[in-house]
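User: Hey, I've just opened this one and have never looked at it before. Can you walk me through some parts of it?

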Amino acid sequence: MSSGQNNVEFEVLPTPVKSDNDKKEYKVIRLKNGLTACLISDQKPTQDVGLSKGNHEDENGHESSEMCADENQEQKLAAASLSIGVGSFSDPKNIPGMAHFLEHMVFMGSEKFPQENDFSSFISKRGGSDNASTDCDVTTFYFECLERDLITALDKFAQFFISPLMKKGSIAREREAVDSEFQMVLPADGYRKEQLLLSLVKTDSPVNFFPWGNLTTLRDNISENELYSGVHKFRKRHYSAHRMTLAIQGRLPLDVLQLYVLECFNNVPCNNLPPRDFSLCKNMFDTTQFRKIYYIQPINDLIQLDLAWALPPLLDKYKSSPSGCVSFLIEHEGKGSLLSYLKKKVWVLGLTAGTGQSGSESNSMYAIFAMYMTLTKEGLEHLFEVIEIVFSYINMLRKIGSQERLFQEMKTITDTSFKFAAEGTAVEVVSEMSENMQLYPPEDYITGSNLLFDYDPESIEMVLNCLTPDKMNISVLCNNNNLQPGLNFDKTEKWFGTKYSEQDIPQQWLKKWREASPLKEFALPTPNIFLTEDFTILQEDEQHPKYPEKILSTDLVELWYRKDQKFKLPIAYYNFYFINPVAIQTPKSAALLDMYMDLLDILLSEEGYPAEVAHLSYTFDIYDKGLTMGVAGYNQKLHVLIEMITKHFLNFSDILTQEMFDAMKDKLIKGYYNYLLDPSDLAEELRLYILIDNYKTSLEKYMVASSITMEDVKAFSREFVNNLFIKVLVQGNVARDHSIIVVNNLITTLKCQPLPPDTYPNFRVTQVPKGETFCVVESFNKNDSNSDITNYYQCGPDTTKDSMIIELLMTILEEPLFDTLRTKEQLGYSVNCCATNTFGITGFTITVVAQATKNSTDYVEKRIEIFVKQASDILADMSEQSFEDTKKDLIKTKRCSDVDLSNEFSRNWTEIAEEFYIFDRTEKEIAELENVKLCDVQQWWEAHTRGGNEENFRKLSVQVVGFKCSDNSSEEETENNLVIQDDKNEEVKLQLNFIDSGRNGAENEEKERLFVEAVDTFKETLFLYPLVCGFTTHNGTTKECSS
């Protein structure tokens, strides 16, 4: 035992093994109470950072004298995370959701800091964030904050585990919060499926549980006194220091971090009681119920096949990862792979496999190895054959046996990735670390989840031998219209209300699957040509620009470039923005672009997958004016990947088949519909539809997608590539001349021409009318009680001053908004405010996701407005000193350095893609912030909100109204309201159902409320702002926008 500066005893444990490029220092200590802490000192200076030594006393009298970052230089957030070795598996059988409920309750004040939400308030007011999660066997709490506030934050944080109040008065509110959280995930098919699977285990098992908790388990089935005593008893039993692991990171010396931990966490109580013993819980999935086929009705429109096997626990085999070795082969997408074969038959479009990372999938009792396949309609019709092909591949793997060559290739990839890993944010590092500390010995805290060490053919063989037909669970997710004749969803899962049907697996199927012989088309992956051999870092330039420079400008392309000299990793990023107005002319052309992107991605997969395995990534995305392509990874062979992708642009029509087109068209229609089912997505889309003059909605695209033909897509692919303007950003370990060569080669291969004059696409934004405008619609999902209420307050054309005032307002109001509407009034689990910038028009939103079973959207909207009026008082009562402190903290968060190259690249790419090109935006914002006064903020708020002088009060309230779902809905009522194309190619229309003031229960008010009942008609009456982007590009020239 050692003794710290405050004479607190602790034990020093082995230091974790780290990457050669990891410059952070680590130290692991175990306090006398049994708590284990990993201290992470990140004293590697950021670019141009000076360190100064000084004394600082915080609001609670903590004084520190240590090396701190100069406030005028780049900053980094500090962070801490604490994990406890207990989770939902330990819930009392009579109180499901107890562990999750306790996670909520400890936030509700402590003996030392008795105010509810004291900790969250402290963190959010200073630009930080906090959260917590409850898994099956671990609960984790974490936060990030400015380094100056770390000691105070740790003191408040530690009180969660020393003396939380958990008063009776908080119980009713927090169980409402737990229930609201459950209601938000209720429509999520992944959670619904997981709950059903866990209900198939032995009834006396801790796995047969309901981890979320809701009002049924925390109110209806238990008295308030029982819940109060139960949650305190659960905490005293399980929240013990010897089961806690803490990780803390900051740019402070290890001895300072150690002092903080000893000071704050030494008094966490320890009961030395062992955790609940699960060692006798074996073979819990060895039930006849598990070994069946289940047809499950999803909320979203999808067709999915899941195959699952219960394996012995594999946590102790982390050094060899046998399940990872098997999943590497099963989910491979290259030539000779299982997925390649199934794709060619157009039965399966996507496949993933392995043991998941969540506690319900891998823990000390078992591991679930699962395969998840996205089926086409034809794949569902050939369900038996699909599974037979799966076992044909698995039987080939058994026959061939484990291959050390493949293991060594995997090991090489993980070794390289570990050596050159990009640095994560402090909160990402500590949250992963504290959970790893629950699983691995100290020396493996970092490497345990990242590296492969030992080739273990026996364990690989064990995993393969478990993947047999006789031990398999089959789940098929499909809606009624795809269900086999004679089947119906005649059963209902208890907690989520999931409709399903179960069947025994026919013996003749099992026999054929056992005997399935390997197909001649199958083969193991060949050596990967994309593996990087050259990791040389380019030499530094003496005159190195601070921001990207335009190094190529023609009527076809503008290329921006910046070599990396900060992170010094063999990594590069290329982003291409292919702009063509044809992509946004009509809803059909917008849908064609979506389909073109999806088809490109799937047609590339066989050739492109080896690159992804070698950690060279490629992505496609739809942006405002066309298609973006991102390529990133180790720089040596990125140009080879770009050349391969470019050729697929040209060969698209030659390799597209009718069968693949039909399958992807069906998937596209399903994707639009599933997007529309989510009330928050629908609310955001409606807001943008009203605001943007040429916006194409998912609903519009959904309605025309069924009319698209393969010839339409082929013609579009040619037309889209024929005329382009291409924006490019290249950053990283790549030479200037090389980046020009890569871009010129792409243009030469595409053989594209410039856009015709005056065809460059631009967007304009409507001006919201003065006063209040309401757009209220019914949700498309009649089985979802969630409602989204978003109040949007429009400011006007962007100025740096307005943007900074809005950011200050969001910082000031975030915590009181959450405390009022979420904690005290319990209007919904999700409550937030956010600054917005829509094509150069600024504003802000306040959003609440509520439940129709509890409150109407009209009521919630009124409560938002009451808070907005209260906010005027908050601002009026704010002292000059408090305002200046808030300003300083916001400036510090803006000075936080990029933790990796991707952060810097993403920020620069946003400036280019959105055509602002203000690469020094942060510096300009800081300069403006320093000049903003409290009276500026107060006057701005009064002018832009109701209740003040309303000089520029322009509010748009978008509400998507959920349904008061019945627990006893008939099967016909629960069937999704999906519009599909029938056999006669006849289209059925899906329309927004607008709700006017009377139908929504709104009463007459002092000021007239305008309700939108037809968006297009409403938009015709609105003024359009002039183009307000900083710059626009036409035929290779960059110039300021004119009005």
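User: Let's start with glutamine 658. Is it buried, partly exposed or exposed?
Analyst: Keep in mind that this is a predicted model. Glutamine 658 has a relative accessibility of 37%, so it counts as partly exposed; buried would need under 20% and exposed over 50%.

User: Which helix does glutamine 658 lie in?
Analyst: Helix 19, which covers residues 658–677.

User: And how far is glutamine 658 from threonine 709 in space?
Analyst: The C-alpha atoms of glutamine 658 and threonine 709 are 9.4 Å apart, while in sequence the two are 51 residues apart.

User: OK, new topic. What does UniProt list for residues 418–702?
Analyst: The unreviewed UniProt entry annotates them as "domain: Peptidase M16 middle/third".

User: Which residues does UniProt list for "domain: Peptidase M16 C-terminal"?
Analyst: Two stretches, residues 231–412 and residues 707–888, again from an unreviewed entry. Residues 231–412 are 37% helix and 20% strand, with 48 Å between the end C-alpha atoms. For residues 707–888 it's 46% helix and 26% strand, and the end C-alpha atoms are 56 Å apart.

User: Now strand 4. How many of its residues are buried?
Analyst: 6 of the 6, covering residues 36–41, so strand 4 is largely enclosed by the rest of the structure.

User: Which residues point which way from strand 4?
Analyst: Thr36, Cys38 and Ile40 point one way, and Ala37, Leu39 and Ser41 point the other way. That's the regular pattern, because side chains in a regular strand alternate between the two faces of the sheet.

User: What does strand 4 pair with?
Analyst: One partner is strand 3, residues 25–31, which pairs with strand 4 in the antiparallel sense over 6 bridges. Within that pairing, isoleucine 29 has alanine 37 as its bridge partner. Strand 4 is also joined to strand 10, residues 244–250, by 6 bridges, and those two run parallel. There, leucine 39 stands opposite isoleucine 248.

User: How many residues sit between the strands in the hairpin of strand 3 and strand 4?
Analyst: There are 4, and glycine 34 in that hairpin takes a positive phi near 100°.

User: Let's switch to helices. At what angle do helix 1 and helix 4 pack?
Analyst: About 120°, with the axes 10 Å apart; helix 1 is residues 98–105 and helix 4 is residues 168–185. That angle makes helix 1 oblique to helix 4. Their crossing is right-handed.

User: Which residues meet there?
Analyst: From helix 1 it's His100, Phe101, His104 and Met105. On the helix 4 side they meet a set of residues including Ile171, Glu174, Arg175 and Val178.

User: How does strand 18 run next to strand 19?
Analyst: Antiparallel, joined by 4 bridges, with strand 19 covering residues 557–563. Lysine 550 stands opposite tryptophan 560 in strand 19.

User: How do strand 25 and strand 28 pair?
Analyst: In the antiparallel sense, over 6 bridges. Threonine 790 stands opposite valine 958 in strand 28.

Terms used. Residues numbered from 1 in each chain as written. Predicted model: local features only at pLDDT ≥ 70, side-chain atom pairs only at ≥ 80, totals over all residues. Heavy atoms only, no water. UniProt positions renumbered as here; feature names shortened; annotations may be inferred. Buried < 20%, exposed > 50% of the residue type's maximum accessible area, 1.4 Å probe, protein only. Pairing = 2+ DSSP bridges. Axes fitted to C-alpha atoms, helices over the stretch in contact; angles between N-to-C directions. Parallel < 35°, antiparallel > 145°, perpendicular 65-115°, else oblique. Left-handed = near helix turned anticlockwise from the far one by under 90°. Contact = heavy atoms within 4.5 Å.
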